[in-house]
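Please keep the sequence and the coordinates at hand.

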Amino acid sequence: MSSIKDKKIIVIGDRDGIPGPAIDACILAAGGQIEYSSTECFV
Amino acid sequence: MNSVILSSSYVLVHTPDMVIHNGSTQNTERVVNPDSEYLKALPQHIRSFEQAVAYAPNQVYIGNKTPNFLNSLAMPWYDKPIENADKFGRFGQIMPQDEFYLLIQACDVFDVVNLEKNFVAEILPKFKNNPLIKEDIALRVKEGKDIDFIENIVNNEHGEGLYHNNKLVGSVTRGHDVDVNLSAHVLHENLVSKASSVLSLLQLIKNANIDANDVEYVIDCSEEACGDVNQRGGGNFAKAAAEIAGLNNATGSDVRSFCAGPAHAIIMAASLVKAGTYKCVAVTAGGSTAKLGMNGKDHVKKGLPVLEDVLGGFAVLIGVNDGVHPEINLDIVGRHTVGTGSSPEAVITSLLSAPLERVGLKMTDVDKYSAEMQNPDVTKPAGAGDVPLSNFKMIAALSVKKGQIERKELPIFVEKHGMPGWAPTQGHIPSGVPYIGFAVNDILENKINRAMIIGKGSLFLGRMTNLFDGVSFIIQKNSGKKESEAISEDMVKEFIAKAMRNFAESLMGGGNYDK
């Protein structure tokens with residue numbers, strides 16, 4: 001899997017899985033750029 | 001003393017035409033893609049009332065089958081109807097759409113609901129035969145109007161149509177010419193929520209076998225908002241439903257927190273009773289029209305029936321400790337705080353292990369957990385997975401991390417402390433509360449001692465905060481002491497004062513220490 005460093009990322013989190021802010025934290029720690037982030041409820 | 005759960009009720013309303021005309025997925029599709037293949041195919045995927053009654057998860061919801069029954073039924077469940085299924089169950093009933101339209105009119109106090117007169121004449125006898133419908137409610141149903149009148153409201157007056165068997169049988173008039181908060185669409189949605197809440201309250205009074213006048217306070221925990229342009233969410237669904245259900249001695253208010261609403265409401269109700277503010281509090285919620293057919297596109301694409309064809313409703317009655325019914329232990333309340341964070345581990349720790357550890361309990365000390373009890377028959381074909389199973393795996397994983405079970409015991413923990421989901425995907429309806437009826441029975445029958453109800457809410461959907469929300473509470477076996485037998489702090493003070501007076505008098509030679 002290629003690195004996400006300096007990549008522009010769109011984050012769609014799942015309220016019953018991994019929420020957006022938790023994914024954001026991982027992406028920022030790995031040097032990615034978050035262009036859009038939200039958490040959705042699918043149920 | 002802890003307050004107790006005296007009774008509960010669970011009702012469903014089969015609404016096949018509302019799936020087509022009122023579900024948000026279908027309404028959105030009509031706007032963005034009115035000629036879509038989905039909308040054309042949808043009517044062929046709608047279930048009959050008999051099919052909805054025979055659907056195993058619905059039979060569990062109203063208490064005719066237990067959650068454990070679903071473990072013995074191979075998935076998918078929609079093609080395995082229950083033979084001789086009854087629309088009346090231990091906890092409640094499945095009401096057909098035609099009767100429900102009459103109940104909606106009975107709940108309308110502003111003359112916005114009009115039904116076609118032949119439809120009323122045909123359905124009224126059936127409505128009156130429903131064991132929950134007493135004369136006071138049946139008398140609220142009006143004779144009905146000509147179809148021309150109803151067609152005019154729907155076609156020329158921005159009204160919302162009520163359809164049955166794909167035929168127009170009624171209408172909801174808008175409440176204001178300009179105010180979108182009183183549009184016919186919003187009034188329809190709110191009246192549906194109110195009517196299904198009324199049905200839940202009527203069922204609750206019957207199940208609890210109490211006088212409706214005994215209820216002192218009602219809390220509505222649905223996900224709708226009623227008000228006008230100057231107070232969009234003014235409320236009060238609780239009092240509006242209590243009026244129709246005949247709870248004449250009750251006032252009430254609404255509690256909102258998306259799907260976490262019911263758990264918040266029950267904790268508040270238990271606190272109000274424990275504090276002595278009210279002796280008997282009902283928590284209630286009606287269903288959501290918007291969520292009907294929410295995952296319909298995936299169901300149709302995969303050749304399934306549209307399984308989200310029922311509105312859900314429930315009510316829970318909380319009262320003073322009678323020494324018998326299961327208690328709500330307010331010493332073990334889990335809470336997701338502003339500072340908790342949103343990682344799954346942080347969420348589950350705040351709601352489960354943290355409150356248990358505060359009183360020296362382990363995760364394994366809770367016999368059953370009830371979190372998101374959505375029916376996986378609905379969610380799996382839509383790609384949302386098995387939500388209850390995911391929750392139980394997370395709880396088991398935390399138990400492993402805490403060193404309370406071995407890693408290899410993880411599947412056993414899920415099986416022992418979890419359950420398959422059976423509740424319709426109606427937001428607040430599946431959120432922890434569907435198990436309360438079974439929990440009360442299981443505790444009274446000594447099958448379990450302790451259950452945890454967990455409510456989780458997606459606050460971010462309202463665009464006011466990115467925060468998640470959740471609270472949890474414990475239902476436990478009654479200690480056996482009644483409220484009247486408990487010794488109050490004032491009584492203890494009085495005993496001590498009397499003893500000290502006697503002791504002082506004895507020192508002074510009064511010799512009446514034993515008096």
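The questions below move from the chains to their folds and local backbone features.

User: What kind of model is this, and how are residues, chains and ligands labelled?
Analyst: Residues are numbered from 1 along each chain as its sequence is written, and chains are lettered from A and ligands numbered from 1 in the order in which they are written. Local features need pLDDT of at least 70, side-chain atom pairs count only at pLDDT 80 or more, and totals for chains, interfaces and linings use all residues, since this is a predicted model.

User: Which pattern does chain A follow along the sequence?
Analyst: Helices (H or I, at least four residues) and strands (E, at least two) are DSSP runs, numbered from the N terminus. Chain A contains one helix and two strands, and its C-alpha trace spans about 35 × 15 × 15 Å along its principal axes. Read along the sequence, the pattern of chain A is β-α-β.

User: What is the radius of gyration of chain B, and what would a compact globule with 515 residues have?
Analyst: Chain B holds 20 helices and 13 strands, and its C-alpha atoms fill a box of roughly 95 × 55 × 45 Å along the principal axes. The radius of gyration is taken over C-alpha atoms, and the globule rule is 2.2 Å times the number of residues to the power 0.38. For 515 residues a compact globule would have a value near 24 Å, which agrees with chain B at 25 Å.

User: What distance separates the centres of domain 1 and domain 2 of chain B?
Analyst: Domain bounds come from an automatic or database domain assignment. For chain B this assignment gives domain 1 (4-481) and domain 2 (488-515). Taken over C-alpha atoms, the centres of these two domains of chain B are separated by 56 Å.

User: Why is α7(B) described as roughly perpendicular to α8(B)?
Analyst: Axes are lines fitted to C-alpha atoms, for helices over the stretch in contact, and angles run from 0 to 180 degrees between N-to-C directions. Angles under 35 degrees count as roughly parallel, over 145 as roughly antiparallel, 65 to 115 as roughly perpendicular and the rest as oblique. Helix α7 (residues 97-106) of chain B and helix α8 (residues 117-129) of chain B have axes 9 Å apart and pack at an angle of about 85°. The description of α7(B) relative to α8(B) is therefore roughly perpendicular.

User: Which residues in α8(B) do B:Asp98, B:Glu99 and B:Leu102 meet?
Analyst: B:Asp98, B:Glu99 and B:Leu102 belong to α7(B). The residues of the contact of α7(B) with α8(B) divide into four nonpolar, no polar and three charged.

User: Which are the edge strands of the open sheet of three strands in chain B?
Analyst: Two strands pair if DSSP finds at least two bridges between them. The order of the sheet is β3-β5-β4 (chain B), with antiparallel pairing. Each edge strand pairs on one side only, and the two are β3 (113-115) and β4 (160-164) of chain B.

User: Which residue in β5(B) is the bridge partner of B:Asn114?
Analyst: Strand β5 (residues 167-172) of chain B runs antiparallel to β3(B), and three bridges join them. In β5(B), B:Val172 is the bridge partner of B:Val113. The bridge partner of B:Asn114 in β5(B) is B:Ser171.

User: Which residue in the turn between β4(B) and β5(B) has a positive phi?
Analyst: β4(B) and β5(B) pair in the antiparallel sense over five bridges, and B:Leu162 stands opposite B:Gly170 in β5(B). The two strands β4(B) and β5(B) form a hairpin with two residues between them. The residue in the turn with a positive phi, about 50°, is B:Asn165.

User: Where does B:Pro76 lie, and what is the omega of the peptide bond from B:Met75 to B:Pro76?
Analyst: B:Pro76 lies in the loop between α6 (67-71) and β2 (94-95) of chain B. The peptide bond from B:Met75 to B:Pro76 is cis, with omega near 0°.

Conventions:
Contact = placed C-beta atoms within 7 Å. Nonpolar A, V, L, I, M, F, W, Y, C, P; charged D, E, K, R; others polar.
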